[in-house]
Amino acid sequence: MIINGFGKTGQRKLKAAHVVVAGIGGLGSPASSYLATAGVGHLTIIDSQRAKLSNLNRQMLHWGPDVGRLKVESATEKLTTMNSNIKVDAIFEQITSENVNRLTKGVDVVVDGMDNYHTRYLLNEACVRNRVPFIHGAVEGLVGQLMTILPGGGPCLKCAIPKEPPKKPLFPVLGATPGVIGCLQAMEAIKLITGVGKPLVGRMLIFNGMDMTFDEIKVNQDPSCQVCGRQGR
Amino acid sequence: MAVTAKFFAGFREATEKKQASIEGVNDVTSLLDELVSRFGKKLAERLYSSDTRELRKTVNILVNGRRLDFLQGLNTPLKDGALVAIFPPVAGG
């Protein structure tokens with residue numbers, strides 16, 4: 001990679017890295033694709049669903065003939081075709097409080113590709129506990145949000161969003177929205193692995209495709225946070 | 001004394017503003033009251049449940065980057081220069 005600051009050393013760091021992509025849907029598809037093509041040596045993709053027709057507008061690792069297949073199977077096939085020099089582990093499991101530690105411990109980065117806060121909070125807590133960077137992303141309509149959680153180095157997801165928003169039966173999403181946020185999640189992961197640039201820590205990025213704006217919200221870590229604050233540990 | 005309210009996503013659509021400088025408010029409740037009187041029904045509907053008049057669970061407010069429940073909730077005092085971010089967290093993936 002001839003971009004300033006990356007070079008052979010950066011490429012070797014990527015090759016040696018292990019990234020977990022939790023959820024291989026709208027966010028996980030672009031995030032894992034750009035991690036694979038950047039040369040991240042080891043990807044673990046986790047998902048407990050099968051591809052549905054209604055997923056295809058945004059989950060671009062799953063194509064028409066993949067409807068009904070396990071998403072992790074469909075995605076592994078595409079990712080290893082994009083880059084045959086990487087290892088992809090496919091885990092067909094739902095992330096729970098029982099397995100979250102095993103699934104995330106010891107990896108270099110976890111990318112949030114979930115569609116619910118219950119699991120996001122489990123991942124946030126496990127990543128803080130195991131000191132693994134966690135790259136949060138979420139989307140709806142033409143709006144997306146992004147924040148990098150660097151355990152010990154800034155606020156966690158609970159500091160920014162303390163309570164789960166009410167569940168909705170459907171999330172209408174323009175496919176390009178998770179495309180934008182998933183790509184940015186991959187970029188954050190690559191920056192953390194290579195040590196290049198300044199990660200999105202202590203700031204939540206809000207993308208609004210309606211007026212094509214990117215804004216930042218400052219987020220402070222709080223000592224009272226049950227997850228990352230002094231009282232929580 | 002002025003505080004700055006910053007609006008994101010749907011709140012920006014409701015106010016048609018990125019931010020507003022508000023004077024004469026001393027806590028979050030009085031700031032929200034003033035914002036509703038300034039921006040009207042569209043903002044009120046996004047902020048409050050129509051039946052209970054309570055703040056909707058889709059509303060997230062940070063005062064100077066800190067969660068309200070780490071402060072004093074809607075009674076959190078606002079000092080001159082305070083920055084209040086109002087946004088609806090999205091959940092899909």
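Start with buried area: the accessible area (1.4 Å probe) that two parts lose on being put together, summed over both. Between chain A and chain B that comes to about 2,500 Å². Carbon and sulfur atoms give 59% of it. Three residues stand out on chain A: A:Pro162, A:Ile217 and A:Asp222 supply 19% of the area that chain A buries against chain B, more than any other three residues.

A word on the source. This is a predicted model, where local features need pLDDT of at least 70 and side-chain atom pairs count only at pLDDT 80 or more, while totals for chains, interfaces and linings use all residues. Residues are numbered from 1 along each chain as its sequence is written, chains are lettered from A and ligands numbered from 1 in the order in which they are written, and side-chain values use heavy atoms, with hydrogens and water left out.

Now, who touches whom? Counting contact as heavy atoms within 4.5 Å, chain A brings 39 residues and chain B brings 23 residues.

How many salt bridges cross the interface of chain A and chain B? The rule (a side-chain nitrogen of Lys or Arg within 4 Å of a carboxyl oxygen of Asp or Glu) finds 2. In a salt bridge, B:Arg66 meets A:Asp222 at 2.4 Å, N to O. A:Asp222 is also one of the three residues I named for buried area.

On to the pocket. Rolling a probe the size of a water molecule over the atoms shows where empty space is left. Here a pocket is an open set of points on a 1 Å grid over the protein atoms alone, where a 1.4 Å probe fits, with protein on both sides within 12 Å along at least five of seven lines; lining residues have an atom within 4 Å of a point. The largest pocket is lined by 38 residues. Nearest its centre lie A:Gln49, A:Arg58, A:Lys71, A:Asp115 and A:Phe171.
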